[in-house]
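Welcome! Let's take a friendly walk through a protein chain, one part after another. Have a look at the picture, and then read on.

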Amino acid sequence: MPDARAHDPGLPIAEALQRLPLEAPDRSAWPLLQRRLAARQRKPRLRWPFALAAAAVLALAALLPGRLATPPAAPDPVARVAAPDVDALMAESARLEHLANAVSPEGMASASGTLLGLEFEDRLQQIDTALSDPALGPDGRAALWQLRVSLLREYAGFQGTRQYLAADGDTVDGALVATF
């Protein structure tokens with residue numbers, strides 16, 4: 001036979017919670033904060049260095065209007081611009097591709113971030129396809145390698161941002177747009 005006293009309700013829970021003391025810190029932080037704010041308001045701020053710097057910039061702008069307004073000299077039509085070093089671009093591309101792969105997130109990621117990553121990779125595949133064309137000249141090859149390096153810089157930056165946000169517990173959310 002069960003014990004009739006085992007289920008003695010005693011004090012109702014609502015009343016027990018009302019009787020608990022309120023949490024309070026050991027000491028108030030307001031007096032210390034009040035002293036610090038009062039000390040900060042009493043300190044005179046040195047504003048004259050900023051005023052002096054602004055005056056110097058205005059004086060320089062007033063003294064040199066002719067130099068700032070002169071158009072640059074026309075480029076010499078005979079001089080050729082040196083073609084970029086394709087080997088250096090290829091090495092930079094390999095370093096950036098390794099960096100992008102090293103910081104790419106593993107596991108779950110946001111759909112918009114994954115979609116933008118796939119857009120980057122699709123564009124890289126298009127550039128690689130264009131680079132494999134045997135009829136491509138040296139100038140076109142250098143331009144494509146420059147384009148590939150700049151795209152990989154953006155892609156590595158994007159992957160690094162995803163990794164940085166993931167370290168803080170955030171994700172790349174929102175409406176991301178591929179503008180490259």
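## A helix to start with

Let's begin with helix α7, which has 30 residues. From its first C-alpha to its last, α7 reaches 43 Å, close to the 44 Å expected at 1.5 Å a residue. Keep in mind as you read that this is a predicted model.

Which residues of α7 are buried? They are Ala142, Leu144, Trp145, Arg148, Val149, Leu151, Leu152, Tyr155, Ala156, Phe158, Gln159 and Arg162. What do these buried residues pack against? Their partners are α5 and α6.

## The chain as a whole

Now step back for a moment. The chain contains seven helices and zero strands, and along the sequence its pattern reads α-α-α-α-α-α-α. Buried residues account for 15% of the 180 residues in the chain. The accessible surface comes to about 15,000 Å², and 61% of that belongs to carbon and sulfur atoms.

Contacts tell you about the fold too. Among those with a separation of 6 or more, 80% are between residues 24 or more positions apart.

Next comes helix α6, which covers residues 111-131.

The buried residues of α6 are Ser112, Gly113, Leu116, Gly117, Phe120, Leu124, Ile127 and Leu131. Why do they lie on the same side of α6? Because they cover an arc of only 145° around the axis. These buried residues pack against α7 (138-167). On the face turned away from the buried side, you will find the exposed residues Ala111, Leu115, Gln125 and Thr129.

## The largest nonpolar core

Let's look inside. The largest nonpolar core has 16 residues, and those touching the most other members are Phe120, Leu124, Ile127, Leu131, Leu151, Leu152 and Tyr155. Which elements give two or more residues to this core? They are α5 (86-103), α6 and α7. The most comes from α7, with eight residues.

## Aromatic rings

Two aromatic pairs turn up in a search of the whole structure. In one of them, Phe120 and Tyr155 are tilted, with 5.2 Å centre to centre and 40° between the planes. Phe120 sits in helix α6 and Tyr155 in helix α7, so this pair ties together parts that are 35 residues apart in sequence. Both Phe120 and Tyr155 are buried.

Phe120 also forms a tilted pair with Phe158, at 5.9 Å centre to centre and 35° between the planes. This pair links distant parts of the chain, with Phe120 in helix α6 and Phe158 in helix α7, 38 residues apart. Phe158 is buried, and so is Phe120. Together, ring pairs link Phe120, Tyr155 and Phe158 into a cluster.

## A serine in helix α5

One more stop: Ser93, which lies in helix α5. Is Ser93 buried or exposed? Ser93 counts as buried, because its relative accessibility is 2%, and the cut-off for buried is under 20%.

Which residues does Ser93 touch, not counting residues up to four places away in sequence? The answer is Trp145, Arg148, Val149 and Leu152.

Conventions. Residues are numbered from 1 along each chain as its sequence is written. This is a predicted model: local features need pLDDT of at least 70, side-chain atom pairs count only at pLDDT 80 or more; totals for chains, interfaces and linings use all residues. Side-chain values use heavy atoms; hydrogens and water are left out. Helices (H or I, at least four residues) and strands (E, at least two) are DSSP runs, numbered from the N terminus. The expected span of a helix is 1.5 Å times one less than its number of residues. Buried means under 20% relative accessible area, exposed over 50%, partly exposed in between (1.4 Å probe, protein chains only). The arc is that of the directions from the helix axis to the C-beta atoms. Contact means heavy atoms within 4.5 Å. A nonpolar core is a set of buried Ala, Val, Leu, Ile, Met, Phe, Trp, Tyr and Cys residues joined through side-chain atoms within 4.5 Å. Rings of Phe, Tyr and Trp (its six-membered ring) pair if their centres lie within 6.5 Å; planes under 30 degrees apart count as stacked, over 60 as edge-to-face and the rest as tilted. Accessible areas come from the Shrake-Rupley method with a 1.4 Å probe; for residues, only the protein chains shown count as cover.
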